[in-house]
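Reader: Please present the model, and then let us discuss its sheets, its helix packing and its aromatic contacts in turn.

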Amino acid sequence: MGDSKRELRKEMVETCPGCGAKIQFEHPGKPGFIPQDVYQRKLDAGEEIVCQRCFRLKNYKILTSEADEEEIQRFLSVAIRDFEKFVYVFDVFDFEGTFRPEIVKLLERQEVVFVANKFDTLPKTVSGSQLKSWLLEVIGKSVGIRPSQIFITSTKNGYGLSKLGDFLSGWGGKALILGVTNVGKSSLLQVITSSKVTVSPYPGTTIGLIEHRIGTLRLFDTPGIIVSDRLIDLFDPQCQAQILAKGEVSRKTFKPFPEEVIFVGGLVKIQSTLASQPDLRPIFQIFAPEQVTFHKTKNPEFINHPEKHFGRLLIPPCGRFDVSRLNFKQVEIIVKEEEELSIPGLCWINVKRGPVRFTLNVPENVEPKVRPALMKPKRKV
């Protein structure tokens, strides 16, 4: 009798309301785990039941398990077939790292709403209308379509949330919300739907479908899609959380000599010259999250052994890091004054005096990209 009653009660809370994982008692450290005695005690007391992973994230900001990449990809490939409406969320600061043309093209025959999140991380000189015009241009170039609906949002200061909420409330039916890890999907949903879900800066927090209601729309959150070609993906979840942009990004202006090397963090080295006038020095600004450090040097010892300064002068990495496991490549790119250079998952560079010939040393999985300038120069330098 007692066992059957316990089984009946276990069915009453089958999934964690924080992350969507199936509740389980057998595998500590895996998504959905909760000690069975804790589960039963909370059930008897009528208290909220969340898995141990979500409880520790919510109360102690500690990540105890990570989502399985292959499991997430299989899950999403099946889930996409059951929907005709999609909300695609990306990070406006890391546009090249989080707006994935290969994913958007899978949805080209469907009804898709684009949400450009984390607007608060951009310089305050960038207006919403300016950003929207820029997004229409770059999305058109990358996927060959002109989006019919783009919403610009920030959960930090509330920008654009009521407008997005009003639209979704009247959309009707059901929709799937997609985005790569760390674009802020769960935070966005928590605000516009007043849902109680686990929100954290760690990648892979959501590992199952979680249903939300907003007006006449059933909106389903999905696991963050894991990618491996952003620089931030090279670091552990705690380091990723530390270096994610949490407010307006920092910027620094450089006017380097040809022999000077600029480090952005510890894994990106930049040298530069003016492509057209080598007797002049280039001028450019680097935009990066506040915790990412810049360091300019001519010291050969520093240039050849930056790992001695990881976690101190050079962040990321955030501490001890085995750089020997990485392969690096050298990339040469010319960037004009009306263009910017993006290093996905780390920073972007706005040219003030150019064209600039950049010689970059970056990890081989990271692909620097040239894009139309978001920060338009106001005058000729």
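Reader: In what order do the six strands of the open sheet lie, and which are the edge strands?

Author: The six strands form an open sheet with mixed pairing, in the order 3-2-1-4-6-5; two strands pair if DSSP finds at least two bridges between them, and helices (H or I, at least four residues) and strands (E, at least two) are DSSP runs numbered from the N terminus. This is a predicted model, in which local features need pLDDT of at least 70 and side-chain atom pairs count only at pLDDT 80 or more, while totals for chains, interfaces and linings use all residues. Residues are numbered from 1 along each chain as its sequence is written, and side-chain values use heavy atoms, with hydrogens and water left out. Pairing on one side only marks the edge strands, which are strand 3 (150-152) and strand 5 (210-214).

Reader: At about what angle does helix 7 run to strand 3?

Author: Helix 7 (residues 128-143) lies across strand 1 (85-91), strand 2 and strand 3. Its buried residues pack against these strands and also against helix 5, helix 6 and strand 16 (369-372), where contact means heavy atoms within 4.5 Å. Axes are lines fitted to C-alpha atoms, for helices over the stretch in contact, and angles run from 0 to 180 degrees between N-to-C directions. On this basis, the angle of helix 7 to strand 3 is about 140 degrees.

Reader: Which geometry does the ring pair of phenylalanine 95 and tryptophan 134 have?

Author: The search of the whole structure finds 20 aromatic pairs, with rings of Phe, Tyr and Trp (its six-membered ring) paired if their centres lie within 6.5 Å, and planes under 30 degrees apart counted as stacked, over 60 as edge-to-face and the rest as tilted. The centres of phenylalanine 95 and tryptophan 134 are 5.6 Å apart and their planes stand at 70 degrees, so the pair is edge-to-face.

Reader: Where in the chain do these two residues lie, and how many residues apart are they?

Author: Phenylalanine 95 belongs to helix 5 (residues 95-98) and tryptophan 134 to helix 7. Phenylalanine 95 is buried, with a relative accessible area of 5%, and tryptophan 134 is buried at 4%; buried means under 20% relative accessible area, exposed over 50%, partly exposed in between (1.4 Å probe, protein chains only).

Reader: Which residues do ring pairs link into a cluster with phenylalanine 95?

Author: Both phenylalanine 99 and phenylalanine 114 are buried. Ring pairs link Phe95 into a cluster with Tyr88, Phe90, Phe99, Phe114 and Trp134.
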